[in-house]
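Visitor: I'd like to learn how to read the spaces and contacts in a structure file. Could you walk me through one?

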Amino acid sequence: MSDTSTVNTENTFKDQEQKMAISARNINVVYATPTGDIPAVRNVDIDLPKGSITGIIGESGSGKSTLIMAIMNAVTKPGKITSGSVLLNGENDMLKLSSEKQRKIRGKEIGFVFQAAQNSLNPLRRIGQQILDLGRAHEVNDLRKLINYAKKLLIRLGLDADRVLASYQHELSGGMRQRVGIMFSLVLNANIVFLDESTTALDMLSQASVLEIIRELQREKNLTIAFVSHDIGVIADLSERIEIFYAGEIVEEGKTSEVLACPKHPYTKGLIKAIPKISGDIDAAEPLKGSSPDYRTFKQKGCLFYDRCPIRTDSCRDSRPELNITNRDHKVACFRVGANDRD
Ligand SMILES: Nc1ncnc2c1ncn2[C@@H]1O[C@H](COP(=O)(O)OP(=O)(O)O)[C@@H](O)[C@H]1O
Ligand SMILES: [Mg+2]
């Protein structure tokens, strides 16, 4: 009897893992600096369910880009991943594969646009040449087909494809480069796509149309997308799930609709209040108080949000709240979330 139940539990666990395109556990990343290590990502567990969009939100400096790089095992010096595992489709651990296997996965299975899209383009080669380079690096046989697909994507993203392919990056505007970055993340037909602040250089209207195109492509190809942004307003319409990130830790997570309708963490509440589009009242919109996390915040002992928290108590300064379930898969890390908020 007990044997059967063990097997069942194991199977359920395996099933859940297989529904995850990415299942990252206990990710820790530090940056070595002259004044000591900055723990930029701490004990983070994150799942990206297959065929869905997850929004990763937090102010600048909170560790979002570092987390994404860690998931791809692409953290560079002075950063170092000190622990963790990242299962891809319930199988390979990205943090343990050989660097050649990782290189193949990055691009072909995981497409990505790093935050500074202009920095990941080669200034000395035309965009078309760079697509060919990418194709060759990933042993694509039909390079003509690859270029045609790149053109299709560029046109869909609202660009003059022939002109873009013949251009160097300095001939493109910031917004055009971001769209080119999105094309690069999709052109090898990766199933998992990381987009890090990929629409921030676009004006509001272009941003809305690019987000709509990302949504369409996600549905057509059943992509798994992690969309990183400092703007919770962008995620509201785009993502099924949301992860709120503060000073290297997830402080709240859940279904986007639930988190936005019923935020629990004072930080999430502050982010929402600052955006009239979500709070629904322009007069009531107020910017989040205090300054965004810096290297000192990461080293605090107690709750990392302590300095800025409107509902803090003395004990919040001494110990750190864990991410706990409040309601099904809605989780929050806050000592002050009342007993009524928990099931
Ligand atoms: N190259 C670096 N050297 C030292 N510290 C860094 C470096 N890059 C990032 N950090 C630290 O890690 C924190 C998180 O950075 P980052 O992941 O870029 O945040 P985000 O993407 O949320 O803006 C920063 O606040 C900073 O303290
Ligand atoms: Mg960033």
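Guide: We'll go through the ligand site, then a helix and a side chain, then a pocket and the cavities.

Guide: First, some ground rules: this is a predicted model, in which local features need pLDDT of at least 70 and side-chain atom pairs count only at pLDDT 80 or more, while totals for chains, interfaces and linings use all residues. Residues are numbered from 1 along each chain as its sequence is written, chains are lettered from A and ligands numbered from 1 in the order in which they are written, and side-chain values use heavy atoms, with hydrogens and water left out.

Visitor: Fine. Which residues are the closest to ligand 1?

Guide: A residue counts as near a molecule if one of its heavy atoms lies within 4 Å of it. Here 14 residues surround ligand 1, and the closest are Gly61, Gly63, Lys64, Ser65 and Thr66. By class, that shell has 5 nonpolar, 7 polar and 2 charged residues. For the classes, Ala, Val, Leu, Ile, Met, Phe, Trp, Tyr, Cys and Pro count as nonpolar, Asp, Glu, Lys and Arg as charged, and the others, Gly among them, as polar.

Visitor: What lies 2.8 Å from an oxygen atom of ligand 1?

Guide: That's a polar side-chain atom of Lys64. In general, a polar contact is a pair of N or O atoms within 3.5 Å; within protein, one must be able to donate a hydrogen and the other to accept it, and residues adjacent in sequence count only if both atoms are side-chain atoms. Backbone atoms take part too: one from Gly61 sits 2.7 Å from a ligand oxygen, and one from Gly63 is at 2.9 Å. Taken alone, ligand 1 exposes 560 Å², and the protein buries 71% of that; such areas come from the Shrake-Rupley method with a 1.4 Å probe.

Visitor: Which element gives the largest share of the shell?

Guide: Helices (H or I, at least four residues) and strands (E, at least two) are DSSP runs, numbered from the N terminus. Helix H2 provides the largest share, 3 residues. Strand S1 (20–33), strand S2 (36–49) and helix H2 (64–71) each supply at least two.

Visitor: Why is H2 largely enclosed by the rest of the structure?

Guide: Buried means under 20% relative accessible area, exposed over 50%, partly exposed in between (1.4 Å probe, protein chains only). H2 is largely enclosed because 6 of its 8 residues are buried, Lys64 and Thr66 among them.

Visitor: And Asn28, buried or exposed?

Guide: Asn28, in strand S1, is buried at 13% relative accessible area. Its side chain makes polar contacts with the side chains of Ser83 (3.1 Å) and Asn26 (3.4 Å).

Visitor: How do I read pockets and cavities?

Guide: On a 1 Å grid over the protein atoms alone, a cavity is a set of points where a 1.4 Å probe fits but cannot get out, and a pocket is an open set with protein on both sides within 12 Å along at least five of seven lines; lining residues have an atom within 4 Å of a point. Grid points are joined across faces, edges and corners, and a volume is the space filled by probe spheres set on the points. The second largest pocket has about 550 Å³ and 20 lining residues, with H5 giving the most, 4 residues.

Visitor: How many cavities of 30 Å³ or more are there?

Guide: The search finds 3. The largest has a volume of about 80 Å³, and its lining of 13 residues has Cys303, Cys309, Cys316, Cys334 and Arg336 nearest its centre.
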